[in-house]
4 protein chains.
Amino acid sequence: MSRQKTIDQTQLFYETEQLILEAGYTGFHFKALAERLGVARSTIYNYYPRKEELITAYMLHLIEEAVRKMDDAIKSEEPLKTLLRIWVKYANMHQMLQIMPYIDQKATPKVEENTQKMYALFREMKKKISDVLYKGQQEGQIRTDIQMPTLVGLMMATVQIPVHHTELEEWVNEVHDLLLNGFTN
Amino acid sequence: MSRQKTIDQTQLFYETEQLILEAGYTGFHFKALAERLGVARSTIYNYYPRKEELITAYMLHLIEEAVRKMDDAIKSEEPLKTLLRIWVKYANMHQMLQIMPYIDQKATPKVEENTQKMYALFREMKKKISDVLYKGQQEGQIRTDIQMPTLVGLMMATVQIPVHHTELEEWVNEVHDLLLNGFTN
Amino acid sequence: MSRQKTIDQTQLFYETEQLILEAGYTGFHFKALAERLGVARSTIYNYYPRKEELITAYMLHLIEEAVRKMDDAIKSEEPLKTLLRIWVKYANMHQMLQIMPYIDQKATPKVEENTQKMYALFREMKKKISDVLYKGQQEGQIRTDIQMPTLVGLMMATVQIPVHHTELEEWVNEVHDLLLNGFTN
Amino acid sequence: MSRQKTIDQTQLFYETEQLILEAGYTGFHFKALAERLGVARSTIYNYYPRKEELITAYMLHLIEEAVRKMDDAIKSEEPLKTLLRIWVKYANMHQMLQIMPYIDQKATPKVEENTQKMYALFREMKKKISDVLYKGQQEGQIRTDIQMPTLVGLMMATVQIPVHHTELEEWVNEVHDLLLNGFTN
DNA sequence: CATGAATGAGGCTTCATTCAT
DNA sequence: GATGAATGAAGCCTCATTCAT
């Protein structure tokens with residue numbers, strides 16, 4: 001019925017991610033993206049009529065995936081460590097979130113919708129972390145004299161800690177230990 | 001009647017900072033800057049012949065100031081807490097550093113120079129933090145089973161923790177406590 | 001469930017007309033047209049390989065219809081009034097004619113052909129009006145001291161007079177009276 | 001203080017008018033305009049940041065001029081004929097008004113403002129014509145059995161009558177006569 | 001120095017049109 | 001025939017930068 005497709009969602013999202021990571025939002029154009037994909041610029045417009053629509057669709061997809069994994073994480077034995085592992089694997093998600101303020105969130109209704117959903121999911125993620133920590137408090141392992149948002153904040157901030165380690169798992173162990181026990185002996 | 005016609009360095013840096021904070025690197029143009037300053041766009045070129053030159057000059061200035069304050073900090077009684085306080089007060093510096101990758105660092109020799117200096121200063125800052133922690137290790141307060149970059153990394157990551165507190169000092173105390181003693185009871 | 005998949009000439013012309021009337025030539029695209037018709041854009045190309053071909057075909061069809069009606073009109077008792085009535089009913093034809101200059105009339109041989117035919121028919125229409133007026137002059141009702149093109153021109157210009165009337169027939173009567181007897185008492 | 005100007009308002013408006021008359025709204029681009037003016041496309045943007053802004057500014061200017069002339073006209077001896085003369089001299093204004101529907105009237109606040117003003121002036125023009133006709137009615141020359149909007153409409157429609165005459169004044173005389181006395185002997 | 005004027009490069013989008021199935 | 005896919009040409013617009021005064 002029609003010609004063969006040359007770009008698929010997966011590849012499109014993959015190159016979108018790569019381009020943003022390499023060039024930042026400033027350097028993210030359909031021109032550059034088209035070159036990477038080896039298609040004409042206008043072709044992309046047949047899929048996403050607006051730069052912002054593609055970018056938010058991609059982000060939404062990313063965060064949805066992360067949230068799904070977290071759901072499983074919570075049921076694991078060491079939930080905090082598992083959350084940490086996921087959170088760090090999705091470190092680029094964190095980077096993406098930082099570019100949100102520079103996106104025209106009212107570009108099209110679709111963009112607005114995607115944005116809303118993303119923020120909702122992001123709040124959900126924080127909620128999941130809170131829940132794990134709260135459970136720890138109930139069970140007496142986690143201290144209660146620090147405000148919850150500060151606890152969550154520190155946990156989430158760890159994404160910024162560079163990975164000097166041979167294995168990601170080493171990083172996870174070290175940071176987990178540090179979070180739980182602090183700097184002091 | 002007419003707005004101020006001459007450019008004042010201080011105001012120039014101030015507006016540069018504001019503009020970047022409000023609009024990000026994407027929204028940082030000489031056009032917008034000139035409007036804020038109430039001068040013609042071309043006037044700015046008499047001071048900084050290149051957008052990148054202005055931006056790196058401003059950042060360099062910012063980081064120099066922070067480093068200077070840190071020098072004093074180290075001599076204080078609670079050096080870690082003082083460092084934390086400074087680091088957080090210069091939180092925007094952190095934001096600025098994140099835009100560095102998107103700046104054409106070879107635009108002009110001056111830009112290259114500024115960039116080099118900035119990175120040097122940034123390394124110096126990390127060194128200062130390391131030193132404080134190292135001293136703590138020598139004195140037996142800080143644990144030695146965690147790699148130094150991880151310690152420094154966590155300390156620096158704290159800028160990301162949102163400030164829900166009435167007073168910045170509360171935030172500092174809470175985060176300091178958390179860093180030292182960890183999540184557990 | 002799905003919208004009609006085959007194109008029907010009548011509907012095609014109908015939507016063409018509607019779209020031009022609503023959006024003007026500027027807003028007349030195959031994209032918009034295809035949406036209205038509920039078919040793929042490319043489908044239209046199976047019928048009209050060129051935008052201009054469709055548009056001129058439609059116009060030709062419209063003007064042919066009008067000319068046919070005028071033929072009958074001339075045989076009526078009040079030929080001028082009847083012509084006026086037809087002319088006004090085909091007011092959109094007038095609008096269409098105004099977009100002709102902006103169409104690439106040499107796009108394809110077919111377009112050229114349609115255009116030629118249209119202009120011929122249009123001249124024929126003017127001829128018919130002239131004939132009616134000329135007959136009036138012969139019979140002594142219509143004055144002869146005004147150049148014929150001016151008479152015809154005024155008659156055709158009436159299409160621009162807005163219809164504030166409840167019934168179109170009222171408009172016709174009023175304008176007819178005005179044309180014949182003028183502004184004065 | 002600055003470089004010499006290469007385009008002035010007058011020339012800009014003149015070329016705008018010519019281009020619209022020749023190419024219609026479809027063919028009116030800054031690209032074409034810039035070529036005519038012999039400047040870079042972007043230069044025009046320094047004056048009018050939006051295509052619609054230029055076009056509406058030009059139209060407003062045109063209609064303002066016409067209204068001003070009409071004011072004088074009304075005091076003349078043969079006001080209706082004078083109005084007719086002016087109206088026809090500004091025939092292109094009429095053409096401009098017809099493209100209004102295809103302009104994005106909400107493009108910018110300035111565009112909206114211009115549009116509002118234009119419509120107001122246009123209503124004013126119609127009012128002036130009405131006033132002249134009304135005065136004629138009071139003085140017993142103009143018939144009162146035809147609705148005023150129809151009278152005004154016919155008068156305004158005359159712009160559409162082609163000028164086959166050697167002198168514009170001949171056209172004016174002929175049309176004026178025709179309007180007043182009608183087609184009949 | 002300050003400025004208004006001009007410009008080119010580059011990014012954003014839309015649409016007519018072609019083509020393989 | 002009908003369609004989805006791809007594309008190029010063309011128009012829109014913004015901004016860094018240069019230049020003459």
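Buried area, as I use it here, is the accessible area, with a 1.4 Å probe, that two parts lose on being put together, summed over both. With that, the interface of chain B and chain A buries about 3,800 Å², and carbon and sulfur atoms give 59% of this. On the chain B side, B:R143, B:L154 and B:F183 lose the most area to chain A, together 21% of what that side buries.

Some conventions before I go on. This is a predicted model, where local features need pLDDT of at least 70 and side-chain atom pairs count only at pLDDT 80 or more, while totals for chains, interfaces and linings use all residues. Residues are numbered from 1 along each chain as its sequence is written, chains are lettered from A and ligands numbered from 1 in the order in which they are written, and side-chain values use heavy atoms, with hydrogens and water left out.

Back to chains B and A. Contact, meaning heavy atoms within 4.5 Å, involves 42 residues from chain B and 46 residues from chain A. The rule finds 2 salt bridges across this interface, a salt bridge being a side-chain nitrogen of Lys or Arg within 4 Å of a carboxyl oxygen of Asp or Glu. One salt bridge joins the side chains of B:D177 and A:R143, at 2.8 Å from N to O.

Which elements of chain B give two or more residues to the side that touches chain A? They are α6 (91-99), α8 (148-157) and α9 (168-181). Helices here are DSSP runs of H or I, at least four residues, numbered from the N terminus. The largest share, 8 residues, comes from α9(B). By class, that side of chain B has 19 nonpolar, 18 polar and 5 charged residues; Ala, Val, Leu, Ile, Met, Phe, Trp, Tyr, Cys and Pro count as nonpolar, Asp, Glu, Lys and Arg as charged, and the others, Gly among them, as polar.

Now inside chain A. In contact are 11 residues of domain 1 and 13 residues of domain 2. The area buried between these domains of chain A is about 1,100 Å², with 80% from carbon and sulfur atoms. Here the rule finds 0 salt bridges. On the side of domain 1 that touches domain 2, α1 (9-23) and α2 (30-37) of chain A each supply at least two residues, and α1(A) gives the most, with 6 residues. That side has 9 nonpolar, 1 polar and 1 charged residues.
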